[in-house]
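Hi,

Here is the model I promised to pass on.

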Amino acid sequence: MAGFDKRVASYEEALAGLEDGMTVIAGGFGLCGIPENLINEIKRKGTRDLTVVSNNCGVDGFGLGVLLQDRQVSKVIASYVGENALFEKQLLDGEIEVVLTPQGTLAEKMRAGGAGIPAFFTATGVGTPVADGKEIREFKGRAYLMEESITGDFAIVKGWKADHFGNVIYRHTAQNFNPLAATAGKITVVEVEEIVEPGELDPTQIHTPGIYVDRIICGTFEKRIEQLTERS
Amino acid sequence: MALTREQMAQRVAREMQDGFYVNLGIGIPTLVANYIPEGMEVMLQSENGLLGMGAFPQKGQADADMINAGKQTVTARTGASIFSSAESFAMIRGGHIDLTVLGAFEVDVQGNIASWMIPGKMVKGMGGAMDLVAGADNIIVTMTHASKDGESKLLSRCSLPLTGAGCIKRVLTDLAYLEIADGAFILKERAPGVSVEEIVRKTAGKLIVPEHVPEMQFA
């Protein structure tokens, strides 16, 4: 019996059940804290017609950008999609649909989705194109628009350390959207740099409790830096 | 003379107060961090999930897991905290940030701001700008007063799609520091050597010019 042992042996197993047309929520901000091996496995599998929910869409040839090369993505929900020439071309050619979403709203959509809240009201985007077609309500004299939450068939997450129970901690600002994505997947897959012995992670310091996590795998990471900036 | 980017950053830094939590946007706002007055303690928030952003790392010390919202490698100062994007925007949306500084393409006399989209050009996205302008009470917009072709960016009504409606009260340009109230720009300070006439000529929206418009101070 596997009990609470959520470790899987291969990336193939990690993404078993991912099919064409599914929605995948990915953690990461820019190239920081992205589940790079899980993304590469989606490329290898050749799954198509995916809806990808992620703050950004990688760069040409790295991160989620690799899924664009074989046109595996049909729709992207993101807050910022610069830094990617292939994405731009597919968008202008009408091959890919993009729903630009304010960053805080995107984070809250994932958080709410994972927390069983179908929609929420926010002042973000009132009076802008983001409000088009959305319900507006006034609370305490201020206008707010209704945003619906997001859940995914799969969530792909990059953690730092995990135990086999699926408890995860993140390293520095590689946390970003990862703990939110982790809550919002029907199947949540977390890849980490190290799987530690049970009891090694301090229960008071866990970022993502194991209840949200279905599969854990240990990988090695390139961790590419987008804007190397040093003191002069 | 129009202000340099560094002078604009220096002028904005005068709005800092000891104990402020501050979010600085990309571009000129980022430079403000270089001019925080000596002896004053300020915590910089970066919306990817860092409160207490420090200096850029020393050569060879950059860490791929430690970046700011501009995706540059940074460090964390003593007293910093790191958290998720939802927590980060809870701070922003919840009005906990004391001062937000960000750039723009246009602002208008109603306090509207356009900063993220030029129709017909590639749209890269709004990032966190819409959340920042909706959540903050105290915002300073930094931008050039007019475009390279001489077109005013201080308008009666923004022509570009908005980032936020009715949320801007203060603007620092390379020519002037202005406030927005009751459907007009109010000229509060002019850049050294810049005439009131030039500012009037380059401001398309309604502009109220008080009897005395002092020259800007930087220290």
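Buried area here is the accessible area (1.4 Å probe) that two parts lose on being put together, summed over both. By that definition, chain A and chain B bury about 3,900 Å² between them, with 60% of it on carbon and sulfur atoms.

Some housekeeping: this is a predicted model, where local features need pLDDT of at least 70 and side-chain atom pairs count only at pLDDT 80 or more, while totals for chains, interfaces and linings use all residues. Residues are numbered from 1 along each chain as its sequence is written, chains are lettered from A and ligands numbered from 1 in the order in which they are written, and side-chain values use heavy atoms, leaving out hydrogens and water.

Back to the interface: 48 residues of chain A are in contact with 46 of chain B (contact means heavy atoms within 4.5 Å). I get five salt bridges between the two chains, counting a side-chain nitrogen of Lys or Arg within 4 Å of a carboxyl oxygen of Asp or Glu. One to look at is A:Lys223 with B:Asp65, whose closest N and O atoms are 2.6 Å apart.

Buried means under 20% relative accessible area, exposed over 50%, partly exposed in between (1.4 Å probe, protein chains only). Strands are DSSP E runs of at least two residues, and helices H or I runs of at least four, numbered from the N terminus.

Finally, A:Glu41 sits in helix H2 (residues 36–45) of chain A and is buried at 7% relative accessible area.

Cheers
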